[in-house]
Amino acid sequence: MAYVIAPSGELVISAMVAMLQPCDNIMYVPDYGDDCMEMHVSLEQFSEEGSCGYLADRWQVYHGEPPDMQWAKVNIDAARFHEMFIDGEYLQQENVLKDSEASLCKTLNASHLEQVKTKCMTMANVEVHDPIVVGVDSLGIDIRATFGIVRVPFDMPVSSSDEVVQLFT
């Protein structure tokens, strides 16, 4: 299931109508398998035309056309990873760069694409020919490639847009 992280920390998905019915929902990240995180989640439907419509736009910037026309914010209630249990509030952290994220994406896409390509190879071990930076947070950047999203982590957390730009100069 494709998702994006909202600036406030919730996940955002394109959801089937049946998923929006009141019930227990389990989400596996990245996918179901031996090494996945199992999250108990609550879904909150929103409209593309409403005040949260920008979240649907964000999802489409990352992933393109949605497979379903319903939208939901995913609140993580709790998670299990191997034998550890984690309270959901620790996984839903606000993006400290949310106010400068759009301008950072624009700057990196306009002036630093060669450095972004290099970081994709050195930090994520992925060759990306035509990268488009679509997200930035304190831990890394998200790049849309022809085959999907590539996450490029930073060596250390950053707390300002100046720090991000310095990493690409």
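What volume does the largest pocket have?

1. The model is predicted, so local features need pLDDT of at least 70 and side-chain atom pairs count only at pLDDT 80 or more, while totals for chains, interfaces and linings use all residues. Residues are numbered from 1 along each chain as its sequence is written, and side-chain values use heavy atoms, with hydrogens and water left out.

2. The largest pocket has a volume of about 930 Å³, where a pocket is an open set of points on a 1 Å grid over the protein atoms alone at which a 1.4 Å probe fits, with protein on both sides within 12 Å along at least five of seven lines, and lining residues have an atom within 4 Å of a point; the volume is the space filled by probe spheres set on the points. Among its 30 lining residues, Tyr3, Ile5, Leu11, Asp137 and Arg151 are the closest to the centre.

3. Asn95 counts as buried because its relative accessibility is 9%. Leaving aside residues up to four places away in sequence, Asn95 touches Pro7, Glu101, Val136, Asp137 and Ser138, contact meaning heavy atoms within 4.5 Å. The side chain of Asn95 also reaches the backbone oxygen of Val136 at 2.9 Å.

Key. Buried < 20%, exposed > 50% of the residue type's maximum accessible area, 1.4 Å probe, protein only. Polar contact = N/O pair within 3.5 Å; in protein donor to acceptor, adjacent residues only side chain to side chain.
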